[in-house]
Amino acid sequence: MDVVIVESPAKAKTINKYLGEGYTVLASYGHVRDLPAKDGSVRPDGDFAMDWEIDTRAGKHLKAIADALRGAERLWLATDPDREGEAISWHVCEVLSQRKALHGVGIKRVVFNEITRNAILDAFARPRELDRELIDAYLARRALDYLVGFTLSPVLWRKLPGSRSAGRVQSVALRLICERESEIENFRSREYWTIEGVFGKATGETLTAALTHLEGRKLEKFDLQDEAAAREAVRLAEGRTYSVAQVERKQVRRHPSPPFVTSTLQQEASRKLGFTASHTMRVAQKLYEGVGIGGETVGLITYMRTDGVQMSGEAIAACRRVIDGEYGARYVPDKPRLYKTKAKNAQEAHEAIRPTDLARKPADVAAHLDNDQRRLYALIWKRTLASQMESAVLDQVAVDIASEDRQVMFRATGSVVAFDGFLRVYREGRDDPEADKANASAAPSADDSERMLPDVTSGESLNRLSITPEQHFTQPPPRFTEASLVKRLEELGIGRPSTYASIISVLQDRKYVRLESKRFVPEDRGRLVTAFLESFFERYVAYGFTAAMEERLDDVSGGRLDWKTVLREFWQDFSGAVDETKELRVKEVLEALDRLLGPHFFRDSASGRDARACPSCTDGRLGLKLGKFGAFIGCSNYPTCRYTRPLVPASVDEAQPATNGNNGARVLGEDPATGLPVSLRKGPYGPYVQLGEAAGNGAQPAGEAAVKAAESVPAAPETGSAPAPARGKRKAKGKAKAEALPKPKRISLPRGLEPEMLDLDKALALLALPRSLGPHPETGQEISAGLGRFGPYLRMGDVYVSLKGDDDVLVIGLNRAVDLLAQARPAKAKGKTLGAHPTDDKPVLLMAGRYGPYVEHGKLRATLPADVDSESLSLDGAMALLAAKRTAPPARNQPRLPRKRRLRPKRQDRRRSSRQRCQGRRKRQRQGGARRLGLGMMFQPVQRRLCGEAPKAHIAPFPTREQITAFIRENGPRVGKREIAGPSGWTPSKRWSCAGC
């Protein structure tokens with residue numbers, strides 16, 4: 001019996017059918033071990049020795065493999081044909097060797113690019129040994145990523161609070177996104193105009209042309225900068241007659257693109273199918289491992305992690321047969337097309353991503369695939385087929401239309417597809433079609449093939465029908481999409497195709513970037529990390545350095561360089577750069593960040609005012625500050641001025657002048673009824689609207705009338721979501737003062753209403769909540785709409801309905817409210833009212849509880865005895881039960897303590913009796929963080945002091961073993977409950993007591 005190891009159970013199931021009896025195919029479920037996520041897993045001082053840790057989920061799979069190897073003759077390692085697959089095979093062998101499960105077992109390595117019967121049997125007929133060079137390349141890459149991540153990330157945590165992590169390739173990709181955003185922000189749009197003329201033939205046909213020459217001079221892009229210049233050009237062009245000056249005709253051939261590799265598959269799936277890179281790889285993995293067709297599991301595509309664009313001769317021949325049968329011989333080129341990889345760091349010589357059988361058309365397998373699998377398979381099939389088809393032929397025509405004096409000239413271009421060739425099957429998508437369209441010098445694309453010009457001859461007269469000016473503005477470079485980011489990383493030679501999906505996912509998981517309209521927008525946290533790394537680790541986020549490192553890793557996989565040499569050279573310089581940051585002060589970090597990010601956070605305005613001027617104190621300067629939870633923008637006059645705002649860009653025109661201490665509130669205007677200011681503020685629970693100012697906050701209402709008006713404003717209802725006060729030790733101390741001062745009315749912004757969209761009218765409407773909608777047409781009860789802690793709601797008596805979807809609490813009408821209330825769940829019955837209690841006139845209720853009837857008055861409840869009939873219970877009887885409940889002694893002498901978490905006893909405690917285990921557990925809970933020194937005594941830190949003396953603000957260092965031994969010999973054991981103060985401010989376990997008492 002032979003044992004075969006693959007990565008996934010789906011792959012194991014498919015291969016097991018092809019190999020038949022005599023083979024046991026088991027799955028490792030991916031990597032079986034990895035470097036532990038803690039410092040010290042890679043030791044540069046120990047010649048880069050690595051500590052590997054077996055994944056908890058992989059333990060049972062390795063045990064199953066070891067058990068299957070008992071009595072086996074050979075172990076076949078059939079993992080993926082790339083570096084990761086080679087690494088998985090190596091890890092499996094290492095673990096099995098440590099467990100002595102490979103004694104007398106032969107080890108063979110087999111690789112195949114597709115999971116088909118012929119490919120599998122052919123691979124097992126030609127086994128090889130493990131490729132040590134690929135394994136070394138994996139070890140070098142894994143060690144580099146670990147050293148960068150676990151060395152840079154702690155530096156970020158210390159010097160830049162709020163940051164999450166840094167990575168060798170991740171940080172470079174983040175830099176690309178941030179630099180593109182800076183280009184967009186610094187872009188200054190320029191106005192320019194174009195002139196378009198429409199000309200007609202005598203037969204009635206028309207053609208549209210663009211003005212290219214004016215007054216005998218060729219026009220450049222920005223020659224017509226404003227409307228006045230455009231109108232003057234139109235005036236000059238309208239006073240002339242025109243004829244065809246020249247007709248140019250030429251034929252252009254467009255060649256198909258090569259079949260998919262990993263990066264191009266991710267790009268096209270993003271453009272055409274809207275897939276993320278990670279989703280594309282998941283769907284492709286299922287197609288590669290196989291799907292059930294006709295009772296057999298069949299792999300539909302070849303291996304999807306590859307850089308190779310070449311295909312086997314058998315696959316090319318199959319393509320040509322399908323093209324001939326489906327489209328005819330004219331679509332088959334004379335010779336097969338051969339492609340070469342252009343990427344600098346291309347992987348091993350794998351085939352391109354293609355269907356395993358080109359005769360298996362998308363329509364034939366659609367019934368066996370889900371929607372995403374069907375669409376991706378069709379994309380791969382069409383691209384593969386098109387790569388071996390004949391080129392497309394386009395007839396391009398350019399017509400020059402000139403005035404009689406040749407001072408004004410127009411040009412019209414068009415093209416027509418003479419032979420569609422591969423375009424009949426596949427057309428490649430573009431990241432930015434609008435930008436390509438605007439580029440007049442670009443070659444005509446397939447999208448322009450429908451534009452045809454009428455047949456004209458040189459010297460033919462044309463009628464001028466209209467000449468129209470058109471205004472344009474230059475556009476900034478577009479933000480990266482997943483497709484364009486992957487393309488750019490590949491062009492720079494950064495990363496591997498198999499890592500692009502994980503890089504993008506990490507950037508989003510760390511909240512460094514976000515996707516907005518399928519384009520990456522850097523978060524301010526990501527820009528801070530990039531600015532920090534560019535300032536203090538510029539070399540290691542440089543594109544050239546990262547690409548050069550990839551080339552060195554490829555040299556390792558090719559056997560041209562030792563992997564530890566690469567690590568030593570890198571670590572020598574990198575560790576020195578990290579050591580230099582240890583002496584960095586926060587002030588230096590802030591100055592560097594402020595210098596790089598100042599133009600982003602403090603944008604100049606058209607008025608020319610200083611963007612860094614503090615809007616609160618007016619003489620302070622705004623700058624970047626670092627706090628416990630990250631960076632923010634604050635005033636230089638702190639603590640005199642406490643103006644702060646989040647890390648968001650704001651121009652001078654957007655900043656509102658405010659009084660000192662308002663914490664950056666934006667004043668929306670004044671309330672017409674009270675004259676009090678209405679402001680938008682940000683609290684710990686989100687943005688909210690406030691009417692007036694809190695007393696003692698630096699801005700007093702003007703005059704006694706304003707004070708009375710403020711006091712007349714009704715308080716926010718209990719259901720409102722006004723920001724809660726901060727909890728802390730000062731809450732109780734300032735309670736009486738807070739109750740004495742009038743509170744301004746506040747209300748939070750409902751979900752979906754952005755602070756930037758809020759104006760004075762909406763703010764006043766929010767402050768007026770809850771608002772009455774009118775009486776119910778049937779019951780006559782008042783219906784109101786309000787905003788509570790759980791969002792907007794409707795209320796009718798005791799019935800509440802939450803507003804969801806498009807229902808707006810500010811505009812909802814009575815008819816819609818009645819409809820929603822009719823669909824609401826009926827309110828729970830409150831019980832029977834027996835009467836009002838004479839002490840406070842609150843109702844006494846008879847309720848039906850889970851364990852029987854009870855009476856309730858306020859928060860006091862009393863259960864009815866079994867001999868009392870609830871139907872005949874009177875108010876006096878209920879009051880007697882409540883009075884008895886109020887005077888009854890508590891059920892226990894002491895209040896119940898909160899339940900403590902049950903601790904599992906240590907291994908050495910498991911044989912003790914139940915009483916001993918319980919006592920030991922309680923002792924450990926009381927001692928908390930006490931430390932056992934092996935002397936039969938536990939010691940814990942205390943603040944040593946005399947009776948009446950204030951405790952010191954520090955804790956003494958823990959005593960050594962020698963100090964404790966000497967202390968016990970000198971002082972002896974403790975007597976009864978009295979404690980003897982220990983050395984260095986430490987005492988034996990139990991509660992500390994004064995040594996002088």
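The buried residues of helix α3 are Arg-83, Gly-85, Glu-86, Ala-87, Ile-88, Ser-89, Trp-90, His-91, Val-92, Cys-93, Val-95 and Leu-96, where buried means under 20% relative accessible area with a 1.4 Å probe and protein chains only. The model is predicted, so local features need pLDDT of at least 70 and side-chain atom pairs count only at pLDDT 80 or more, while totals for chains, interfaces and linings use all residues. Residues are numbered from 1 along each chain as its sequence is written, and side-chain values use heavy atoms, without hydrogens and water.

Because 12 of its 16 residues are buried, α3 is largely enclosed by the rest of the structure. Helix α3 covers residues 83-98 and reaches 23 Å from its first C-alpha to its last, close to the 22 Å expected at 1.5 Å a residue; the expected span is 1.5 Å times one less than the number of residues. Helices (H or I, at least four residues) and strands (E, at least two) are DSSP runs, numbered from the N terminus. Just after α3, Lys-100 takes a positive phi of about 55°.

The strands come next. Strand β1 (residues 2-6) and strand β7 (residues 74-77) run parallel and are joined by three bridges; two strands pair if DSSP finds at least two bridges between them. Ile-5 stands opposite Leu-77 in β7. Four bridges pair β7 with strand β8 (residues 106-109), also in the parallel sense, and Trp-76 has Lys-108 in β8 as its bridge partner. From β7 the chain crosses through α3 to β8 in a right-handed β-α-β crossover: with the strands pointing away from the viewer, the path from the first strand over the helix to the second runs clockwise.

Definitions and conventions. Buried < 20%, exposed > 50% of the residue type's maximum accessible area, 1.4 Å probe, protein only.
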